[in-house]
Amino acid sequence: MALDFATLFPNGVLHYLLGGLLIGLATVAIYLGTGIAAGASTFLESTLSYVSDRERFQQFRFVQSRDWRLVFTAGIVLGATAYTALSGDDWFVTEVSATRLFVGGVLVGVGTRVGKGCTSGHGICGVGSLSDASLLNVATFVLVAAGTSQLLLAMGVRP
Amino acid sequence: MSGNGHADDGGGRHPLFMPLVFVGGLVFGAGLAVSRMARPEVVLDFLQFEDFGLLFVMGGAALVAGPVFHLATRSGKRAPLTERVYELRRKTLDSNVLLGGVVFGVGWGISGICPGAAYASVGIGNWPILAGIAGMFVGAYGQGIARDRFSD
């Protein structure tokens, strides 16, 4: 495999970079205004605090942040909608099966909670903070995910 | 575990707190749509070494966030909307960080979805992603129950 630019980046890098800069900008704006290094996965537990009386989900840190996390998540959904509508980009429906999405989702839910963060909390805020825990977590999940995904591909699961 | 009390709780919030979080969410979601990371197929292409562009998404975002986090922390100042002291995001490194990374990695590799990208995916019309988000809630709930039962 020749490691030239077109092989590594068959779709170019501009939209990836632009998207990454926007995500970084949003993270920085919230951080500078509020001091909060916002991650996306705590939303799961903080939202569960609305429906579960379990002490685990009624922790102060979830209850006191659940409303703004709901607003943040609504913003993420609507921001993606607004971009797609305004840019004329195609709406998108995945061909990955609902079973894969669900099973993968369960493991993502468990793993991000056990590991104290996800792609945004560890991957952006934690890596940006040069946190050893985040660097280890990100290296682990990227390598494991690549292995898992390629194993599925080798087994003939597509897309 | 209520030691994380900050001035952003309760009714004393600054009137600009929610608007900032919302606008931040909008830009965050737009970024996920622009980068196409909201599409599971693009993530799977990355994980299968077909297209390494995703490095620029996480990398670009971390490169913007990193210097700002460090400068703000070093300034010793407080955030204007909450009076929170700026701090780096540093969690304790323990075996859970590794174990969680492995479990998350298997899930990400199976599905191509992570929490933030999944929310944005709803916004680009990808309704089947709701199965993935439902799974995330089930996983987070199950993990909470399991942790109550087996630890502490």
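## Burial and fold of chain B

Of the 152 residues in chain B, 54% are buried, a residue being called buried if 20 or more other C-beta atoms, placed from the backbone, lie within 10 Å of its own, exposed if 12 or fewer do, and partly exposed in between. The model is predicted, and local features need pLDDT of at least 70 while side-chain atom pairs count only at pLDDT 80 or more, although totals for chains, interfaces and linings use all residues. Residues are numbered from 1 along each chain as its sequence is written, and chains are lettered from A, with ligands numbered from 1, in the order in which they are written.

Chain B contains 6 helices and 0 strands, where helices (H or I, at least four residues) and strands (E, at least two) are DSSP runs numbered from the N terminus. The C-alpha trace of chain B spans about 45 × 40 × 30 Å along its principal axes. Among the contacts in chain B with a separation of 6 or more, 49% join residues 24 or more positions apart, a contact meaning that two C-beta atoms, placed from the backbone, lie within 7 Å.

## Annotated spans

The unreviewed UniProt entry annotates residues 16–34, 54–72, 93–111 and 117–141 of chain B as "transmembrane region"; such annotations may be inferred rather than shown by experiment, and the positions follow the numbering used here, with feature names shortened. Residues 16–34 of chain B are 95% helix and 0% strand, with end C-alpha atoms 27 Å apart, and residues 93–111 of chain B are 89% helix and 0% strand, with end C-alpha atoms 27 Å apart.

## Contact with chain A

The contact between the chains takes 112 residues from chain B and 108 residues from chain A. Helices H1 (17–34), H2, H3, H4 (95–111), H5 (115–123) and H6 (129–150) of chain B each supply at least two residues of the side that touches chain A. That side of chain B divides into 66 nonpolar, 33 polar and 13 charged residues, with Ala, Val, Leu, Ile, Met, Phe, Trp, Tyr, Cys and Pro counted as nonpolar, Asp, Glu, Lys and Arg as charged, and the others, Gly among them, as polar.

## Two residues in detail

Asp51(B) lies in the loop between helix H2 (40–47) and helix H3 (54–75) of chain B, and Asp51(B) counts as buried because it has 22 C-beta neighbours inside 10 Å. Leaving aside neighbours within four places in sequence, Asp51(B) is in contact with Phe9(A), Pro10(A), Asn11(A), Asp45(B) and Phe46(B).

Leu32(B), not counting residues up to four places away in sequence, touches residues of both chains, including Ile23(A), Ala80(A), Met37(B) and Ala120(B).
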